[in-house]
Amino acid sequence: MRGVAVDPRRGDNSRMTTTPRIPCRSCLRPPQTCYCAEIRPFSHPAKFVILQHPREARHGLGSGRMAHLCLKDSELIRGFEFGEDPRFLELLNDESRQPLALYPGPQATVVNEANRDTLRESWAHRPPTVFLIDGTWPQAKKMFRVTPQLQVMPWIAFETDRRSQYKFRLQPDPLCLSTIEAVHELIDALDRFDVCHPTPDGAHQNLVDVFKSMNDTQLRYINDPALSGYRRGPYRPMNELVPAKRWQGRPILFRSDDSRDRPTP
Ligand SMILES: [Zn+2]
């Protein structure tokens, strides 16, 4: 098989070299950009189930798989409509856990001081399975629409002022976070408000570390003329890019202010 280099601007689709390369079986990245050595898998009382849109699965710089590899006991299910997916239904009907969707909205329970005791008490008896969508905003909205179970299960959300560290996928809004950043923010909020904690303590930092490392690696490839991903000409900083219509909602999941009536900055 003849491999292709990754153009970080365009995912895995652009042919830049004919150097043979076999993708890593775990992260599915080419060996030069495999991030598996950075991963420190950790446990969490919540079981995370990442519902990955098929198009997101093909995106070389997506972070859903990365989150899955960091979180022990997490699952990644690829698909669009999950209403009749046997594994989804099995997880949904697991009586030892309570299903929750990580999704912002007025009906979502926000992890904060006011909800801490309720969450802690409820989860102590029945820890959650947290379903989250790995896809663009339009994809996520459609996936919710066609999977009624996601609409009716309780939703959970967090508040954050954190800005996405994505350097290669334009965010429709500065407060939109990638999938792995959204998982980190949820775990961090649960930790800060003393609802539950990762094992070992503070292990969720690995989520942002691996993500940053992937971004740094891509930058290195873009900036080094000796490497196959070299990009001629300066790379425009993300904050100078203007979202084109086709990028709307492109990456990914979370606007922290969707659960409150806060104006978009
Ligand atoms: Zn790998």
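Because the model is predicted, local features need pLDDT of at least 70 and side-chain atom pairs count only at pLDDT 80 or more, while totals for chains, interfaces and linings use all residues. Residues are numbered from 1 along each chain as its sequence is written.

**The big picture**

Let's start with the parts list: the protein has eight helices and eight strands. Both are DSSP runs numbered from the N terminus, with helices (H or I) having at least four residues and strands (E) at least two. Of its 265 residues, 35% count as buried. Here, buried takes 20 or more other C-beta atoms within 10 Å of a residue's own, exposed takes 12 or fewer, and partly exposed sits in between, with C-beta atoms placed from the backbone. Among contacts with a separation of 6 or more, 77% are between residues 24 or more positions apart. A contact means that two C-beta atoms, placed from the backbone, lie within 7 Å.

**The sheet**

Six strands make an open sheet in the order S2-S1-S5-S3-S6-S4, and the pairing is parallel. S2 and strand S4 (109–110) stand at the edges with a single partner strand each, so one side of each has no neighbour in the sheet. Strands count as paired if DSSP finds at least two bridges between them.

Here are some of the pairings, side by side.

| Strand | Partner | Bridges |
|---|---|---|
| S1 (residues 47–52) | S5 | six bridges, parallel |
| S1 | S2 (residues 75–78) | four bridges, parallel |
| S3 | S5 (residues 128–134) | four bridges, parallel |
| S3 | S6 (residues 155–157) | two bridges, parallel |

How much of strand S1 is buried? Six of its six residues are, so S1 is largely enclosed by the rest of the structure. Lys47, Val49 and Leu51 point one way from S1, while Phe48, Ile50 and Gln52 point the other way, and all are buried. Lys47 has Thr129 in S5 as its bridge partner, and Leu51 stands opposite Ile133 in S5. On the S2 side, Gln52 stands opposite Arg78.

Strand S3 (residues 98–102) has four of its five residues buried, so S3 too is largely enclosed by the rest of the structure. Ala101 stands opposite Phe131 in S5, and Leu102 has Ile156 in S6 as its bridge partner.

**Helix H7**

Next comes helix H7 (residues 179–192), with 14 residues. The expected span is 1.5 Å times one less than the number of residues. H7 is mostly covered, as twelve of its 14 residues are buried. Among them are Thr179, Ile180, Val183 and Leu190. After the helix comes Asp194, which has a positive phi, near 60°.

**Zooming in on Gln139**

Finally, take Gln139, which lies in helix H5 (residues 137–146). Is Gln139 buried or exposed? Gln139 counts as buried because it has 20 C-beta neighbours inside 10 Å. Leaving aside neighbours within four places in sequence, Gln139 is in contact with His53 and Arg55. Pro54 is 85 residues away from Gln139 in sequence, yet the two are 9.9 Å apart in space, C-alpha to C-alpha.
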